[in-house]
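Visitor: Could you take me through the charged side chains and their surroundings here, slowly and closely? I would like one connected account that I can follow with the structure open beside me.

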Amino acid sequence: MSSDFVHYLISRFLLQGALLAIEIAVISMALGLTLGLVLALLRLSRPAAVRGPAWCYIWFMRGTPLLLQLVFLFDVLPVVGIKLDTFSTAVIGFALNEAAFSAEIIRGGILSVNRSQAIAAAALGMPGGLTMRRIILPQAMRAILPGISNQAISMIKSTSIASVIMVNELTFRAEQIVGQNFKFFTVFTAAAVIYLAMTSCVAIGQIAAERHFDSLRDVPRNNAGGRFDIIAARLGLRKPTRTPVERAPAVRPKERLPALIGDLCTDDAETAMRPVVVCRNVEKAYGARQVLKGIDLTVGRGEVVVIMGPSGSGKSTLLRMVNHLEPLDRGEITVDGRYVGYKRTAGGELTPRSNLAQARAKARIGMVFQHFNLFEHMTALENLIEAPIRVYHQPPEEARAIGLRLLGASASRDILTTCRIACRVANSSGSRLHGRWRCRRA
């Protein structure tokens with residue numbers, strides 16, 4: 001019996017069926033994931049007219065059996081004049097079904113990423129597509145991969161259903177052999193082992209992909225207790241395990257950060273005398289709550305300004321409006337003489353621009369959020385050079401060199417010498433900024 005089992009296990013007839021099953025699964029998964037990503041983005045969009053059809057498609061495809069969907073495509077498409085072979089019909093059927101399940105998995109992964117990551121990318125002037133590709137999806141993959149891997153394994157096993165439309169895959173070929181020699185146990189056991197080998201390859205690929213997208217990839221993995229060693233070391237139970245650290249090719253001399261910034265940001269005399277940020281009669285309300293009222297502020301080039309006030313007084317709101325992360329209710333804000341995300345009509349009214357990301361990029365405003373909002377899947381240097389390379393198209397080597405200089409300078413205590421002017425808010429109500437500013441030298 002063992003010789004028969006080995007014979008069927010390496011049978012060319014069964015292996016060709018397995019190869020056909022892999023082809024169906026790979027093509028269907030690729031098409032299904034692509035359509036699933038589109039459906040997930042449609043489900044996350046705000047207009048109900050866009051979300052509704054996507055939800056209806058997912059509801060229908062998840063609620064009906066895959067077997068019936070394949071039979072429906074096989075029988076109905078020829079009636080409407082679309083004639084496909086059994087392989088193409090199986091690929092289309094599996095892809096359409098997979099898209100519905102993948103859409104919800106991808107949507108859940110996107111929702112697992114902190115919204116502040118998208119806000120930080122928007123503040124850098126990154127458009128929505130670039131933000132999704134470079135910031136959101138790489139972090140979402142940690143939540144997406146387990147579900148997608150399960151779907152891939154199910155896809156390989158479900159290719160056996162294609163036998164109902166006469167697709168000559170592995171299960172169908174095993175049934176043909178059994179119909180001739182009636183060796184049910186031997187033949188189907190060999191087919192099961194082949195299926196197990198195919199699905200094991202997916203499981204191994206999942207492990208490799210998870211390691212690639214793991215933001216904690218710098219944790220030592222040279223022993224099974226790598227993470228436990230770190231916890232034990234912090235508790236004083238074990239000495240920390242040292243891992244090789246990439247060293248810079250040469251020791252960089254420390255630079256004073258103010259001098260370095262002045263070297264990188266040179267301006268002509270005319271530009272240096274012009275105000276950079278100008279706020280005129282700025283107002284902002286959330287519902288019935290008036291957060292900002294009548295704010296007037298002028299910040300000149302080279303000034304370091306601090307806005308002080310109690311929690312909820314509108315400090316962050318004002319800063320976010322400068323970069324158009326929050327829309328204005330009334331008034332105007334200009335950066336270097338230009339509106340960020342607005343344009344003035346012939347009637348004198350401010351209207352939002354269509355390409356807001358491009359407007360933020362042209363303004364070249366940098367923001368450090370209250371909770372930093374660094375991109376968690378990137379190193380400190382990668383965080384620094386992401387916008388210069390992707391938004392401003394600076395040569396990568398040049399951006400990397402500047403980033404290393406800034407990181408080296410910011411490590412010095414000389415950063416404290418950059419504070420020259422502090423502005424304190426006179427807040428009479430305790431919860432609203434009324435535009436009365438008092439400035440003093442630090």
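**Salt bridges and their surroundings**

Guide: Let's start with Asp329 and Lys284, whose side chains meet in a salt bridge with an N to O distance of 3.9 Å. The term stands for a side-chain nitrogen of Lys or Arg within 4 Å of a carboxyl oxygen of Asp or Glu. This pair links distant parts of the chain, 45 residues apart: Asp329 is in the loop between H13 and E4, and Lys284 is in strand E1 (residues 275–286). Helices (H or I, at least four residues) and strands (E, at least two) are DSSP runs, numbered from the N terminus.

Before going on, please keep in mind that this is a predicted model, in which local features need pLDDT of at least 70, side-chain atom pairs count only at pLDDT 80 or more, and totals for chains, interfaces and linings use all residues. Residues are numbered from 1 along each chain as its sequence is written, and side-chain values use heavy atoms, with hydrogens and water left out.

How accessible are the two partners? Asp329 is partly exposed, at 45% relative accessibility, whereas Lys284 is buried, at 6%. Here buried means under 20% relative accessible area, exposed means over 50%, and partly exposed lies in between (1.4 Å probe, protein chains only).

Next comes Asp336, which forms a salt bridge with Arg301; their closest N and O atoms are 3.4 Å apart.

Glu326 is buried, at a relative accessible area of 16%. Elsewhere, Arg43, Glu104 and Arg107 are linked in a network of salt bridges. The count for the structure comes to 10 salt bridges.

Now look at Asn323, placed in the loop between helix H13 (315–322) and strand E4 (330–335). Asn323 is buried, with a relative accessible area of 0%. Its side chain reaches the backbone oxygen of Ala123 at 3.0 Å, a polar contact (a pair of N or O atoms within 3.5 Å; within protein, one must be able to donate a hydrogen and the other to accept it, and residues adjacent in sequence count only if both atoms are side-chain atoms). Leaving aside residues up to four places away in sequence, Asn323 touches Ala123, Val340, Arg360, Ile365 and Met367, where contact means heavy atoms within 4.5 Å.

Leu130 counts as buried, at 12% relative accessibility. With residues up to four places away in sequence set aside, Leu130 touches Ile135 and Arg390. The C-alpha atoms of Leu130 and Arg390 are separated by 8.3 Å, although the two residues are 260 apart along the chain.

One more arginine to visit is Arg173, which lies over the face of Phe13, at 4.7 Å from the ring centre. A charge sits over a ring if NZ of Lys or CZ of Arg is within 6 Å of the ring centre and within 35 degrees of the ring normal.
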